[in-house]
Amino acid sequence: MKKFIFLIIISGIQILGYGQYLAAFNDNVKHFWVFDAGTFQQLEYLEIMEFQVGGILVAYTDNAGNLKVYRNGKVDQLMEGNPIKFEATDYLLGYSVYQQLNVYDNGNVKILSTQCDGYITRDSLMAWYNQIQKTIDVYYNGQITTIMDGLIYNPLQEFKAGDNTLAFVHTSSEAFYLFYQGQLQILDQYVQDLVFEAGRDVVAYVDKPDQSFYVFYRGETTELETFEPKSFQVGDEMVAYVDNLGKLKLFDDGQVTTITSFEPEYYYLNDKVLVFEEQGFFKTYCNGQVSIVERYQPDPYYTDFNTIAYLDQNRFVKIFQFCAPVYTTYDIVTEISLIRNLVIWVEGINKTNIYFNGKVYQH
């Protein structure tokens with residue numbers, strides 16, 4: 001009996017109340033398929049080289065190295081030949097060949113630079129270093145803006161970026177900069193040993209000589225703690241941290257909540273899902289209260305968007321969504337994957353399952 005390995009990446013996003021839910025995978029004979037809102041469609045008969053799934057599209061390089069994009073039920077070719085690099089996010093597809101950088105935005109293709117030396121792509125923005133002009137340029141809301149010039153180095157090498165934030169320290173001036181909602185601003189005029197992380201609409205940071213812990217959230221900067229936390233993580237509009245006394249706290253919607261007064265064995269914040277282990281229990285904080293997901297630590301588990309998916313001790317798939325358990329399989333599974341609120345797993349040698357919105361789709 002032959003054994004087959006499936007590679008699947010999935011994504012789901014709602015726009016104006018309507019959903020476009022995408023998955024892509026290679027089947028057991030290397031044909032390339034896409035799952036779109038409940039239906040399966042074969043895109044390629046020959047084995048592809050690479051693919052990524054964004055919020056509203058699937059991007060891939062075919063057998064000949066051509067970059068193609070699946071969107072709204074059809075496939076378009078964007079670029080020919082290797083070496084093409086690309087990254088698909090919720091709303092943007094950034095791709096390059098050598099120094100030419102391009103963006104695919106809402107069905108439109110635009111050349112951003114022919115002198116690019118390093119770039120990043122996030123949900124709402126792209127940023128790159130122009131090696132000839134010595135500038136940092138940003139593509140945001142359909143426009144290209146130069147946010148810094150006269151540079152002698154590439155600051156994007158030490159940046160932190162969220163879905164709509166770009167933060168970095170200027171090496172020469174040692175000022176701490178943030179690009180947010182089309183504007184470049186200085187969060188701190190002078191930093192010495194800065195630790196910082198960026199998420200959607202939020203940046204958390206502490207300058208070690210100063211010790212104070214700050215958060216930038218939707219245009220406002222607030223001092224959360226006067227002492228440096230033991231650790232912190234940033235998600236979508238949220239910051240989780242263990243303070244200097246070992247308490248696990250969560251900054252959410254402008255407010256700080258103490259989740260537990262005992263230091264957890266670990267914690268993990270991804271998007272808007274916080275999970276942690278306390279006294280061996282696997283817990284999450286949701287809708288203002290702590291919930292026990294399992295009385296043991298599952299392995300593996302995945303979190304994204306509003307979902308926790310994991311294999312239990314029997315290797316059954318379990319899904320915890322919207323603060324409650326919603327689904328359990330009773331077939332042994334070896335692998336599971338999750339992006340946002342779509343869960344995928346393979347049973348046997350060729351049965352691919354995709355769970356979304358209370359229903360399992362099979363191929």
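1. A salt bridge is a side-chain nitrogen of Lys or Arg within 4 Å of a carboxyl oxygen of Asp or Glu. Glu237 and Arg218 form one through their side chains, at 3.1 Å from N to O. Glu237 lies in the loop between β25 (231–234) and β26 (238–242) and Arg218 in the loop between β23 (213–217) and β24 (220–225), so the pair ties together parts that are 19 residues apart in sequence.

2. This is a predicted model, in which local features need pLDDT of at least 70 and side-chain atom pairs count only at pLDDT 80 or more, while totals for chains, interfaces and linings use all residues. Residues are numbered from 1 along each chain as its sequence is written, and side-chain values use heavy atoms, with hydrogens and water left out.

3. Glu237 counts as buried at 14% relative accessibility, and Arg218 as partly exposed at 45% (buried is under 20% relative accessible area, exposed over 50%, partly exposed in between; 1.4 Å probe, protein chains only).

4. Strand β34 (residues 307–311) has 5 of its 5 residues buried, so it is largely enclosed by the rest of the structure. Strands are DSSP runs of E, at least two residues, numbered from the N terminus. Thr307, Ala309 and Leu311 cover one side of β34, and Ile308 and Tyr310 the other.

5. β34 runs antiparallel to β33 (residues 301–304), with 4 bridges between them; strands pair if DSSP finds at least two bridges. β35 (residues 317–321) also pairs with β34 in the antiparallel sense, over 5 bridges. There, Ala309 has Ile319 as its bridge partner.

6. Lys318 and Asp312 meet in another salt bridge, at 3.9 Å from N to O. Asp312 is buried at 7% relative accessibility.
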